[in-house]
Amino acid sequence: MQNLLIIGGNRLQGAIDIHGAKNSVLPIISASILMNGKNVIHNCPDLSDVTAALKILGFLGIKYVRNGSDIAITSRKPTKFTIPDELMRSMRSSVMFLGSILARCGKATISTPGGCMLGPRPIDIHIKALKKLGASVKEEGGTLNFSADNGLVGTEIFLDFPSVGATENVIMAATLASGVTTLHNAALEPEIGDLISFLNGAGANIYDSGNGTVIIYGVNKLSSTEHIVIPDRIEAATYMAAAAVTGGNIKLNGIENRYMTAVNNAFIKMGCNIVCKDKTIAFDAPSRLKSIDFIKSEVYPGFPTDAGPLIISALCTAEGRSVFCEKIFQNRYVFVNELSRFGADISCDKTIAAIEGKEKLYGVHCNCTDLRGGAALIIAALKAEGKSRIGNICHIKRGYQDIAKNLRLLGADIKEV
Ligand code: EPZ
């Protein structure tokens, strides 16, 4: 089943639970390679990216058992240090295994990562930082062979850009290095804090200043731990955008409100009413959204790049002209051609998307190009008059568990065919 059929126009109402964060559970699965014994990870979403990450663990000789949203991983030193190309290409985040395999095995072989078409997606920042820790790398026929024959040695590292993945790779690699690593210009995304608490739970000694400096005191070995994954702030933003565009009124449960500030502020600017209480968000949208003169994606705590396509889609029927500026990924707008098929009026260059709000959108056939771009097509289809058919929903399954079921729970006319 690779298509979604949606008949737009229903106002979303009701309450749903938000799942654990994809971008937290993926590095945590990688970090389990550094540990010994049985780890239990709770609140893991059922996503194809998580399945792909667990397949990599299995390939490395590490046993795991999945029971609903719990994953039990029996950590040990991997029996291999290479990730085969087909597993690397199954998701972009597989580069995240580099630091943990290198730290545990003293060497690691990966091919260039696959994943969405968000641009070149280089890993130069990862490589530069791991070299600073003492690794050497050789490129041989499309694979990168890393080795640290004398082990990794703690040092001071400055990231040229606060890359989320590079920050996570350095933290994992430095955890078992000898000596202290001081990492500057580290990414501040909440998923990194979640990774650090997972590692510290198993005996790591990592201090997160919270302002971009992370100090990792290397330890000889880790034991194991039990951990609850933080909620997915981008999944929450997705349902907020779906409610916003349909003039809906929904409640999201199991939220960490402190992660939602930039997203909430954007929807408030669009005329939505948001009440944050404990672990819930009550979200109420006007019948027609206001435009946003200018909004740009930034590293955390700024507006998240992953929510860019969601807000752009909601702004297609807002009153007036909006401008979105993408500062993180080239090709973030790869979905805009498909979104325009609904009758949206969007013109964009590499970083700027100008959206002229329209009264109506009309149902069409379209295809997902990437994960968040696919979610943007669903949001447009929920608003559009008539029937839409969205293909290539494998992209959506990478990052959303039960999205059709949850939207139906909220009153959408949507089914998978
Ligand atoms: C993580 O990707 C997330 N993925 C992305 O979510 C998210 O969009 C991104 O962080 C930014 O928040 C996971 O956590 C699994 P980056 P990552 O390294 O680590 C450039 C989703 O939709 N860069 O912070 O790959 C890079 O090209 C996904 O859930 C280099 O130039 O993001 C990009 O332009 C998509 N060299 C920018 O930095 C490098 O060595 C941000 O990348 C590394 C990155």
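**View 1. His-42 in strand β3 of the predicted model.** His-42 sits in strand β3, which runs over residues 37-42. This is a predicted model, so read the distances here as computed ones. The side chain of His-42 pairs up with that of Glu-226 through a polar contact of 2.5 Å. Once residues up to four places away in sequence are set aside, His-42 touches Ser-69, Asp-70, Glu-226, His-227, Ile-228 and Val-229.

**View 2. Asn-43, a non-glycine residue with positive phi.** Step along from His-42 and you get to Asn-43, in the loop between β3 and α2 (48-59). Asn-43 is not a glycine, yet its phi is positive, at about 65°. With a relative accessible area of 27%, Asn-43 is partly exposed.

**View 3. Ser-75, tucked into strand β5.** Here we look at Ser-75, part of strand β5 (residues 70-75). Ser-75 has a relative accessible area of 5%, so it counts as buried. Its side chain reaches the backbone oxygen of Ser-32 at 2.7 Å. Leaving out neighbours within four places in sequence, the contacts of Ser-75 are Ser-32, Met-35, Asn-36, Gly-37, Asn-39 and Ile-62.

**View 4. The ligand between two domains.** Domain 1 (4-17 + 231-416) and domain 2 (25-228) each give residues to the shell around the ligand, which is why the ligand lies between them. There are 23 residues around the ligand, and Asp-124, Ile-125, Ser-163, Asp-306 and Ile-328 come nearest. By type, the shell splits into nine nonpolar, six polar and eight charged residues. Four helices supply at least two shell residues each: α1 (22-31), α5 (124-132), α6 (164-175) and α12 (371-383). Helix α5 gives the largest share, with three residues.

View 5. Which parts of Ser-163, Gly-165 and Ile-328 lie by oxygen atoms of the ligand? For Ser-163 it is a polar side-chain atom, 2.7 Å from a ligand oxygen. Gly-165 uses a backbone N or O atom instead, at 2.8 Å from an oxygen atom of the ligand. Ile-328 also brings a backbone N or O atom, 2.6 Å from a ligand oxygen. How much of the ligand does the protein cover? On its own the ligand has 830 Å² of accessible area, and the protein covers 89% of that.

View 6. Helix α9 spans residues 261-269, and its buried residues are Ala-262, Val-263, Asn-264, Ala-266 and Phe-267. Just past the end of α9, Gly-271 takes a positive phi of about 100°.

**View 7. A cis peptide bond at Pro-301.** The peptide bond joining Tyr-300 and Pro-301 is cis, with omega at about 10°.

**View 8. Asp-402 in the loop between α13 and α14.** Last stop: Asp-402, in the loop that links α13 (394-397) to α14 (403-409). Its phi is near 55°, a positive value in a residue other than glycine. Is Asp-402 buried, exposed or partly exposed? At 34% relative accessibility, Asp-402 counts as partly exposed.

Key
Residues are numbered from 1 along each chain as its sequence is written. This is a predicted model: local features need pLDDT of at least 70, side-chain atom pairs count only at pLDDT 80 or more; totals for chains, interfaces and linings use all residues. Side-chain values use heavy atoms; hydrogens and water are left out. A residue is near a molecule or strand if one of its heavy atoms lies within 4 Å of it. A polar contact is a pair of N or O atoms within 3.5 Å; within protein, one must be able to donate a hydrogen and the other to accept it, and residues adjacent in sequence count only if both atoms are side-chain atoms. Accessible areas come from the Shrake-Rupley method with a 1.4 Å probe; for residues, only the protein chains shown count as cover. Ala, Val, Leu, Ile, Met, Phe, Trp, Tyr, Cys and Pro count as nonpolar, Asp, Glu, Lys and Arg as charged, and the others, Gly among them, as polar. Domain bounds come from an automatic or database domain assignment. Buried means under 20% relative accessible area, exposed over 50%, partly exposed in between (1.4 Å probe, protein chains only). Contact means heavy atoms within 4.5 Å.
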